[in-house]
Amino acid sequence: PGRAGPRPGPAAIPRPREGQERARPWPGHSPHAALLPQRGPGSRPLRPSSAPDVGTGTGSLGIPGVRRGSEQPRGLRKSISEPHQDPHERRAKGEVSARPVQQDKHGAPEAQGARHSMDRPPELDPSQEPEGADLQDAYERGHGPYQPHEPGYGLDQPGYNPYEDEIPDPQARMLAVKNAKAYLLKTSTKSGLNLYDHFANILTKILDEQPTNTVDIIENISKDVKWAQFRKKMDTLRDEPLIPPTFEAAEKCKALFVKQGGEEEHEGVEEEMGRPALPNVMEVAFYFEQAGIGLNKDESYYIFLALKNLIDVQPIQTCRFWGKILGLEMNYIIAEVQLREGEEEEETGEEGEGTTAEEEKETGEDGEEDEEKEAGPPKSTYKPPPPIPKEPNGTGTNKYVYFVCNEPGKPWVKLPPVTPTQIVCARKIKKFFTGWLDAPIVSFPPFPGNEANYLRAQIARISAGTHVSPTGFYQFADEEEEEEEGADTYEENPDFEPPPVAEMVESLATWAHHVKGILKQGRCVWINPVQKSEENEEDDEEEEEEEGEEQQEERGPPLLTLISEDEGMKDIPAWTTQASTNLIPEYSVAILQSNRWPGAYAFASGGKFENIYFGWGHKYSPESYTPELPPPAEAEFPGGPEITETVDPTVEEEMAFKIAQEEALAEAEEEEEEEEEGEDD
């Protein structure tokens with residue numbers, strides 16, 4: 001279509017002569033382009049004579065001999081609009097003539113495709129290709145269109161001539177390479193870098209490191225190369241080296257592995273006492289590990305070494321790992337110790353001296369105030385209730401001394417003794433620990449002390465409620481103490497026979513408390529706070545009788561009481577028992593868990609037992625915690641005419657009042673004068 005005459009046959013297109021090369025297609029070009037003859041003498045040109053010569057220059061794509069035209073041929077438009085047809089179907093319809101057999105100068109048939117075997121793909125059979133087709137038929141058999149990024153783009157344009165296959169000038173190619181390199185060497189006005197050196201550094205880094213999946217991280221590699229360009233190699237201000245957390249932890253624990261100088265002295269003291277003060281923490285951790293309770297082995301061993309350092313520094317008679325209380329910022333590792341007798345007496349004496357000095361100072365100040373303010377306003381006659389004294393060291397809630405530290409390796413800090421007021425207030429509040437002993441306790445009612453005092457109060461409460469032992473392991477030293485309810489001393493029973501593990505798991509009667517309970521007063525032993533001296537007994541006999549009737553003595557459960565008598569919380573029992581394993585019962589361990597204080601555990605295996613605590617230091621409550629409300633505001637004093645303020649009088653009323661007063665005075669004087677005259681008569 002688009003031609004005046006009929007379509008030329010196969011004879012109209014001359015075949016290439018001997019010694020003449022056929023047209024080679026561009027890489028990616030259709031193999032049918034190789035069938036097109038070269039331009040020779042007597043051949044028919046396929047483009048008008050007025051079309052400009054292409055030459056050896058480069059087109060818009062940089063391909064020698066290729067220029068982009070402005071218009072597509074009609075055959076290409078037809079090939080786009082019409083569906084592609086197979087050459088065999090077209091041959092059957094008579095549209096494509098068969099290829100004639102070509103002969104050489106000797107008359108022998110020429111082998112088809114011998115010269116152009118490199119130009120044809122292996123999957124095409126030369127015998128099946130159409131021959132004698134014009135350029136338009138070649139387009140219709142799959143020639144084009146090509147995309148701009150494909151190598152064959154531009155071959156279907158009017159400016160392309162398949163017969164021009166001349167080799168480009170090497171000088172022009174070198175010039176193009178130099179121009180491209182010069183473009184890559186252009187320096188950026190922002191960073192001062194050029195693309196050529198940047199690519200070279202990227203490739204060098206990739207070949208040196210050879211990372212996996214380089215194509216996925218090429219952007220990060222480019223950023224790293226740019227960042228290295230702007231970093232000075234010899235900088236006087238160096239960055240502070242980052243210390244890894246493992247190195248910091250090793251530095252903290254480094255002091256645990258250094259032997260102290262006074263170890264020999266403590267070994268001699270332990271030999272004299274007959275019992276080592278250092279507990280075997282690793283053995284206790286092994287038994288609790290059977291039930292999945294405890295810390296990891298590294299931390300347990302660090303605590304073991306920390307307790308050893310504590311014993312080397314402090315005059316300790318007995319020591320035990322009490323447990324670990326969790327905090328919001330830091331935790332508390334707690335050691336329960338018992339100091340030697342001489343150390344406890346010294347501390348008690350110092351505290352008593354301080355109390356006496358304070359009392360004398362207060363008495364002196366009161367005497368001075370009485371002398372100065374004799375004529376002052378009346379003082380209130382209210383007397384606050386006397387404070388409940390704390391229990392002496394070595395008894396009751398202060399039977400043991402407690403040392404705490406945040407981490408193994410940090411210095412141990414001794415907690416102060418606990419007072420009944422602190423225990424009573426700790427029962428009314430619920431605060432999380434922060435890990436700082438000097439942190440204030442903001443609560444209502446206000447807690448009398450800081451976090452160290454609150455921690456000591458919670459330790460006393462947990463110990464009194466959860467420290468248990470197998471029944472019969474301890475006994476009272478004398479029978480008289482057993483009858484006394486305030487007995488606080490006991491000793492190990494040499495004739496103790498441990499019950500089997502199965503029995504200790506089934507029955508709670510095989511466990512007993514070996515720490516006295518705390519009364520509502522905040523003490524283990526009740527005391528009457530109102531104690532008058534002998535001088536004031538006669539004057540205040542009536543007051544004592546009234547106060548004695550109001551305050552009744554509190555009595556708690558005696559020591560070594562069975563835990564089966566403990567009250568539960570609604571439908572929850574106070575204790576839960578279990579065996580460490582049911583597969584090997586003969587080697588199992590009896591585990592006791594407190595439901596009242598979550599985190600408190602105890603184990604028993606034969607003649608060995610131990611108590612431990614891991615938790616937040618809070619008591620379980622079946623109901624949600626509700627803080628105590630402040631007391632209601634005091635009511636106003638009842639009003640009346642006696643205390644009601646009168647209205648200020650006006651000026652006229654004041655003048656009338658003065659006149660009335662003057663008249664009253666005048667009358668009074670007159671009456672007096674009359675009376676005097678009457679007496680004279």
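**Figure 1. N611, a residue in strand β12.** Let's start with N611, which sits in strand β12 (helices, H or I with at least four residues, and strands, E with at least two, are DSSP runs numbered from the N terminus). This is a predicted model, where local features need pLDDT of at least 70, side-chain atom pairs count only at pLDDT 80 or more, and totals for chains, interfaces and linings use all residues. Residues are numbered from 1 along each chain as its sequence is written, and side-chain values use heavy atoms, with hydrogens and water left out. Is N611 buried or exposed? N611 counts as buried because its relative accessibility is 4% (buried means under 20% relative accessible area, exposed over 50%, and partly exposed in between, with a 1.4 Å probe and protein chains only). Its side chain reaches the backbone oxygen of V468 at 2.9 Å.

**Figure 2. The largest nonpolar core.** In soluble globular proteins, nonpolar side chains tend to be buried together. Here, the largest nonpolar core has 30 residues, and the members touching the most others are L307, L310, I316, F321, V337 and W412 (a nonpolar core is a set of buried Ala, Val, Leu, Ile, Met, Phe, Trp, Tyr and Cys residues joined through side-chain atoms within 4.5 Å). At least two residues of this core come from each of α9 (281-289), α10 (297-313), β1, β2, β3 (401-405) and β12 (608-615). Which element gives the largest share? That's α10, with seven residues. Zoom in on W412 and you'll find it touching A306, L307, L310, I333, A335, F403, V404 and C405, with residues up to four places away in sequence not counted. There is also a second, separate core of 29 residues, and Y332, F433, F447 and Y454 are among them.

**Figure 3. Salt bridges between parts of the chain.** How many salt bridges are there? The count comes to eight (a salt bridge is a side-chain nitrogen of Lys or Arg within 4 Å of a carboxyl oxygen of Asp or Glu). One of them joins the side chains of E283 and K608 at 2.4 Å, N to O. E283 is in helix α9 and K608 in strand β12, 325 residues apart, so this pair links distant parts of the chain. E283 is partly exposed at 27% relative accessible area, and K608 is partly exposed at 41%. Another bridge pairs the side chains of E299 and K324 at 2.7 Å, N to O. Because E299 lies in helix α10 and K324 in strand β1, the pair ties together parts 25 residues apart in sequence. Both E299 and K324 are buried.

Figure 4. The side chains of K570 and E623 meet in a salt bridge at 3.6 Å, N to O. K570 is in the loop between α16 (541-550) and β9, while E623 is in the loop between β12 and α17 (651-680), 53 residues away. Both partners are exposed.

Figure 5. L328 is in the loop between β1 (316-325) and β2 (332-339). Why does L328 count as exposed? Because its relative accessibility is 58%. Together with F432 and W616, L328 forms a nonpolar patch on the surface with about 330 Å² of accessible area (patches are made of residues with over 30% relative accessible area and no salt bridge, with like charges joined within 9 Å and nonpolar side chains, Val, Leu, Ile, Met, Phe, Trp and Tyr, within 5 Å; accessible areas come from the Shrake-Rupley method with a 1.4 Å probe, and for residues only the protein chains shown count as cover).

Figure 6. P386 is in the loop between α11 (341-372) and β3, and it touches P529 and V530, not counting residues up to four places away in sequence. The C-alpha atoms of P386 and V530 are 6.9 Å apart, although 144 residues separate them along the chain. S580 is in the loop between β9 (575-579) and β10 (590-594). A polar atom of the S580 side chain lies 2.8 Å from the backbone nitrogen of V589.

Terms used:
Contact = heavy atoms within 4.5 Å. Polar contact = N/O pair within 3.5 Å; in protein donor to acceptor, adjacent residues only side chain to side chain.
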